[in-house]
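Subject: A structure for you to explore

Hello,

Here is the structure I promised to pass on to you. Please open it beside this email and follow along as you read.

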Amino acid sequence: MKEVTGLLLMDVDGTLIQQEGIDLLAQEAGVGQKVAEITAQAMNGELDFSASLEARVALLKGLEASIFPKIIEQMDVTPGAKILITELHQRGYKVGLVSGGFHEVIDPIARSLGIDLVRANRLQTFDGRLTGKVLGEIVTSKKKKETLLTWAKEHCIELDQTIAIGDGANDLLMIKASGIGIAFMAKPIVSAQTPYRIEKRDLRLVLDIIDRHRKERACISY
């Protein structure tokens, strides 16, 4: 078995993919503008994430569950994602997704990219339609950080060998807890508190940051 040398955790909506999944679902439900406004406030840290997610999901009540494949077709994977994931696997990393979005649309994307680990929310359905509720515990900022710590421990990875990438306020605790925290096309509240920033929509640039960080540490150690 290949030695695990590190762990990269990535947010999904706005990071791995260029859209917000819940906004796409809301458009299909005819409540796109209202949900998009709540999403923007949550990502800027202006609203509690759990409460905002519950409010947005409630607006999706009655939407047919069969809509998920159509939503996935509307999602664009961020340029450079596949190259980043492939390169990190070659270096011995585990790559995970931790998202305030939904397993129903994230899991197929994760499988297509060879992602190792996924944690997200799950939408409740009844009789083929969404009930307007989330199943189980919501993936909050604290849960994202907790997931980073848990997966690192499970794979015997030191925290300084972890990387976290995100764009919204819900990613901040995870980013701050990681060895290399990266704000990707991020909201101002995130960029202002993050050691590294990427302001071009190309996930290959993560590799440059990892290599630069390792070199800087090597120089300090020497």
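Two strands pair if DSSP finds at least two bridges between them. Helices (H or I, at least four residues) and strands (E, at least two) are DSSP runs, numbered from the N terminus. Before we go on, please note that this is a predicted model, in which local features need pLDDT of at least 70 and side-chain atom pairs count only at pLDDT 80 or more, while totals for chains, interfaces and linings use all residues. Residues are numbered from 1 along each chain as its sequence is written, and side-chain values use heavy atoms, with hydrogens and water left out.

**The sheet**

Let's start with strand 1 (residues 6-10), which pairs with strand 5 in the parallel sense over 4 bridges.

How many strands form the open sheet, and in what order? There are 7 strands, in the order 4-3-2-1-5-6-7, and their pairing is mixed. Strand 4 (129-135) and strand 7 (196-198) are the edge strands, each pairing on one side only. On average, neighbouring strands of this sheet are turned by 25° against each other, direction ignored. For angles like this, axes are lines fitted to C-alpha atoms (for helices over the stretch in contact), and the angles run from 0 to 180 degrees between N-to-C directions.

**Helices around the sheet**

Helix 3 (residues 49-58) lies across strand 2, strand 3 (117-126) and strand 4, and runs at about 170° to strand 4. Helix 5 packs on the sheet too, where it touches strand 1 and strand 2, and its direction makes about 140° with that of strand 2.

Ser-52 has its place in helix 3. Is Ser-52 buried or exposed? Ser-52 has a relative accessible area of 3%, so it is buried; buried means under 20% relative accessible area, exposed over 50%, and partly exposed in between (1.4 Å probe, protein chains only). Leaving out residues up to four places away in sequence, Ser-52 touches Ile-38, Ala-42 and Leu-47, where contact means heavy atoms within 4.5 Å.

Helix 1 (residues 21-29) has several buried residues, including Gly-21, Ile-22, Asp-23 and Leu-24. The cover over the buried residues of helix 1 includes helix 2 (32-43), helix 3, helix 4 (68-73), strand 2 and strand 3. Just after helix 1 comes Gly-30, with a positive phi of about 80°.

**Salt bridges**

Searching the whole structure turns up 10 salt bridges, each being a side-chain nitrogen of Lys or Arg within 4 Å of a carboxyl oxygen of Asp or Glu.

Asp-211 is partly exposed, with a relative accessible area of 31%.

Another salt bridge joins Lys-187 to Asp-167, the closest N and O atoms being 3.1 Å apart. Lys-187 sits in the loop between strand 6 (180-184) and helix 9 (188-191), and Asp-167 in the loop between strand 5 (162-166) and helix 8 (172-177), so the pair ties together parts that are 20 residues apart in sequence. Lys-187 is partly exposed at 22% relative accessibility, whereas Asp-167 is buried at 2%. There is also a network, in which salt bridges that share partners join Asp-11, Lys-144 and Asp-171.

**The whole chain**

Stepping back, the protein chain has 10 helices and 7 strands. Buried residues make up 51% of its 222 residues. Among contacts between residues at least 6 apart in sequence, 62% join residues at least 24 apart. The C-alpha atoms fill a box of roughly 60 × 40 × 30 Å, taken along the principal axes.

Enjoy exploring!

Best wishes
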